[in-house]
Structure formats: C-alpha cells, structure tokens
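Biologist: I would like to learn how to read a model like this one. Could you take me through it feature by feature?

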Amino acid sequence: MTHDDSATLEVLCCCDPPEVLDPAAYRDAAVTEALTEVTARPAAQQPPWPHPFEVDAVEAELSELPGLTTEDEVDDLARAMALVARGDALVLQGGDCAERFHEAVPDLVRRKVDYLQGLAAMMRAATGLPSVAVGRLAGQYGKPRSSPYEPAPTGGRMAAYCGDGVNAPEAEPARRVPDPRRLRTAYDCARAVLREVRRASRGKPLMERVHVAHELLLMPYERPLVRAGVRGPFSASTHFGWIGERTRDLGGAHVALAAAVRNPVGVKIGPTAAPDDVVALTLALNPDGVPGKLCLITRYGAADVDRSLPEVARAVARRGAPAVWVCDPMHGNGIKVGDVKTRLVEDMLTEVSSFVRVLTELRLRPSGLHLELTPDPVTECVSSQEAEPLFADYRSTCDPRLNPEQSVAVIAHFLDRIS
Ligand code: PEP
Ligand code: CO
C-alpha cells in the first residue's frame, strides 16, 4: 500500500456510512416501523373524540413522557409465564372491570395487590404450584362497548361510559363527552398505581410479585407508550396487555400493536371466533413460538364452551403457535335482573368445569383464570339461590365483580377440577 492509497482509504472511511448501524437508531427505527403498521390499520372501538387534533396533542405529549413499565419488568413476567406454559406454575389474572381514577391511592391499591397475592397464595397452597398474580391494574381505564350510545335520562342519547380514561360514568350527557385530557390523567394514575404495586413487590422473589395488565384498547394511549427496549420494542404502558373480544380482528390495529411488542400478551376468545381465526391469531401474536408469550383467554359463556372450545383448541394444538389457556368465566355469562347487569356464580362454575374438562380431554393444560373481582364485600354478581337479589352494594361502573366469598368459590372450583 502506497502512502497515497492509505490517504484514499482514510477519506473513504470518513465519508462512507458506518457498516453497523448505531443500535439506538436501529431500535428507534423498529418502534417507528411497528407504529406505522399499527397506525395504517383500522382500529375498532375508539371513542368518538369530538376534536381529533386534541387527541393528537395528548398522544404527542405521552410520547415524550417516561414509559410506565420497564423492559426488565416485562421480561420478568415473560419468564414467569414461561413457567406457566411448562406446567410449573398457574396464572391468576384479576381485578376491576374498569379502574377508577380516584382509586389510584396507596391504601386502596395496596388492598387490591395484597388481596390478589392472597388468592395466588391460596392457589399455591392447594396445588403446590406457584401462581403468577397479574392485576387488572395501572391502566384498565378504557372499555370497549357493545353500543357506543345509550339513552340519556332526559331524553335523546349520550355516549356510553368508556372508562375513566375517556369519559365519566355519571349519566349526564355532558360528562359522557370523550375528553382526551383524561388519557393524560390515565397515565398519571397508572404511574401512581404502579408505584404502589412495586412497593408491595419490592425484595420479593419473582413468583411472589404482582404484575399489572390491562386491555390494549385506546390507540392514542398505547401507541406513544411503545418504547425501544434493548431487546426490541415493548409496551411501557403495562407488563401484560390483552386484546378484547371486540378488537381481535386479524387485520386490525390492536393485533398489530400486540404483535409489535415483546410483552406477554393475551387475546379474548368468544363464541364467534372460528378455529382458523384463532390459529391465525396465535401465529400473528406468537410468531417465534415462545412458550408463555401468548395467553388465549376463553370467555364463551357456560352454555357455549362444550360446543365451541373443542374444535378451537384442537386446531390451535395442531396448527397454531404455543398458547397458555386461561378461562375468563365472567364475560360470556352476563345477564340482566331488571335493569341491573349481573352474573350468576353457578354459570361461572359451569364454565370453569367445561373449560377444564375440554382441555384435559385434549391433553392440553388449563393454566389459570381471568376474573373480575374486588376485595370489597360487594353484591354485584349473584347466586341463583337468591330469590330476589337486592344488589345492596353495587359499586362497579362497568361489569359486576366477584366479592371475596364468590372469588374464593370460583378459584376453589377451578383448583378442585384441575387436581
Ligand atoms: C373485559 O375484560 O372487561 C372485557 C370487556 O372483556 P371481553 O373483551 O372479553 O368482552
Ligand atoms: Co369486564
């Protein structure tokens, strides 16, 4: 090499783009690419925000705030869920149907966390297996609705309550107008809840911690909280996120969002999910076949499990990606008594029995429960033994929850069936 050649080389080195991309730039590009795909797809169940530019401003604001969860926490849950997938642990997902902003205070959060940990301990005591406790906590502020409007008390119609992250539950048309500033409040409340969840888990071994989860529903909240991790994009809005029964369209934005993040995710499966659709969902949401990455949360309703689950479970076992099977015996069993939304505990027990039986017959593993529950002694769900339920203590602004006695009955029933 002559002196001149080396000079030429030096010049080339300075001007050529580096061969290896800066990892940080690459990871940001991965997030951008994922979000481009999410944004390009139709998103079902988004509230009728009155002024879209206000929502865009909140989304931009959230994108500049710190993520709520960390990649390490998300990966810790992934490790715990891998144990569930292997049959070395069970999973208990539970909490309010809709969290309330004013409940994001330390004492109330601590009560919920301790309660969930107590139920997980009960599962461990009965089976010898640890239970991964996942609270519907720190972000369960958006609700999908069967009907976007409902009759207003003064005549005409008003928007349905879509969770505290969107509007207020009071039956007044003005309070029901979706307000995007509530998305920012949702972030602040989720942060306060997480602080308490972490405090309760501090110093505890992985299998004794409580993790948080919510439905990945509201795009202007979820998109800006997708963050670049060292190991790939993750949702910093939660540890575990699920896709609801109404938003699990394979070509929709919610599936793209859940597919883009490394968090463990779930998808609710109800009676209208065809076997091929569920197989396709497992492949989209767990393309690398990672054990514990994906939960299929079945919510058929007591009458439908035996008819619908066998074919779906068989198809997933044969052609799908690995999935952890979780039973939500709540959402397929809603009934009305007068004007009150409730659920019969007996229907839930029937659904749990059928879930365990169908999966066991197919040599698949019933791995846990997804419940709406509260430590408070509410009277929201009822027993068919009650001649005329009074609903004397009905506090939920959305779906009826199990009180402690009812929760223990449903969990004990599950444990009895799997043993
Ligand atoms: C929920 O979990 O509160 C819910 C709305 O569930 P699903 O999507 O199964 O109806
Ligand atoms: Co609910």
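Biologist: Which spacing do the donors of the cobalt ion (ligand 2) follow along the chain?

Modeller: Donors are N, O and S atoms within 2.8 Å of the metal (3.2 Å for Na, K and Ca); water is not among the atoms, so sites may look incomplete. Here the donors of the cobalt ion (ligand 2) follow C-x233-H-x40-E-x26-D. The coordinating residues are Cys97 (SG), His331 (NE2), Glu372 (OE) and Asp399 (OD), at 2.0 to 2.4 Å. Glu372 lies in strand S14 and Asp399 in the loop between S14 and H12, so the pair ties together parts that are 27 residues apart in sequence. Helices (H or I, at least four residues) and strands (E, at least two) are DSSP runs, numbered from the N terminus.

Biologist: Before we go on, what kind of model is this, and how are things numbered?

Modeller: This is a predicted model, where local features need pLDDT of at least 70 and side-chain atom pairs count only at pLDDT 80 or more, while totals for chains, interfaces and linings use all residues. Residues are numbered from 1 along each chain as its sequence is written, chains are lettered from A and ligands numbered from 1 in the order in which they are written, and side-chain values use heavy atoms, with hydrogens and water left out.

Biologist: What is the average pLDDT of the protein?

Modeller: pLDDT is the predictor's confidence in each residue, from 0 to 100. The protein averages 94, and 94% of the residues score at least 70. Over residues 1-14 the pLDDT is below 50, and this stretch has 2 contacts in the model beyond near neighbours in sequence. Contact means heavy atoms within 4.5 Å.

Biologist: How many disulfides does the structure hold?

Modeller: A disulfide is a pair of cysteine sulfur atoms within 2.5 Å, and the structure holds 0 of them. Take Cys162: its closest cysteine sulfur, in Cys398, is 9.1 Å away, so that is too far for a bond. Cys162 counts as buried, at 10% relative accessibility.

Biologist: How do I read a helix such as H12, and what covers its buried residues?

Modeller: Start with the expected span, which is 1.5 Å times one less than the number of residues. H12 (residues 404-418) has 15 residues and reaches 21 Å between its end C-alpha atoms, close to the expected 21 Å. Its buried residues include Val410, Ile411 and Phe414. Among the elements covering them are strand S1 (90-95), helix H5 (106-127), helix H11 (345-361) and strand S14 (366-372).

Biologist: With which residues is Ser367 in contact?

Modeller: Ser367 lies in strand S14 and is buried at 3% relative accessibility. Leaving aside neighbours within four places in sequence, Ser367 touches Val84, Leu90, Val91, Val324, Trp325 and Phe414.

Biologist: In what sense do S12 and S13 pair?

Modeller: Two strands pair if DSSP finds at least two bridges between them. S12 (residues 334-337) and S13 (residues 340-343) pair in the antiparallel sense over 4 bridges, with Val337 opposite Val340. Their hairpin has 2 residues between the strands, and Gly338 takes a positive phi near 65° there.

Methods:
Buried means under 20% relative accessible area, exposed over 50%, partly exposed in between (1.4 Å probe, protein chains only).
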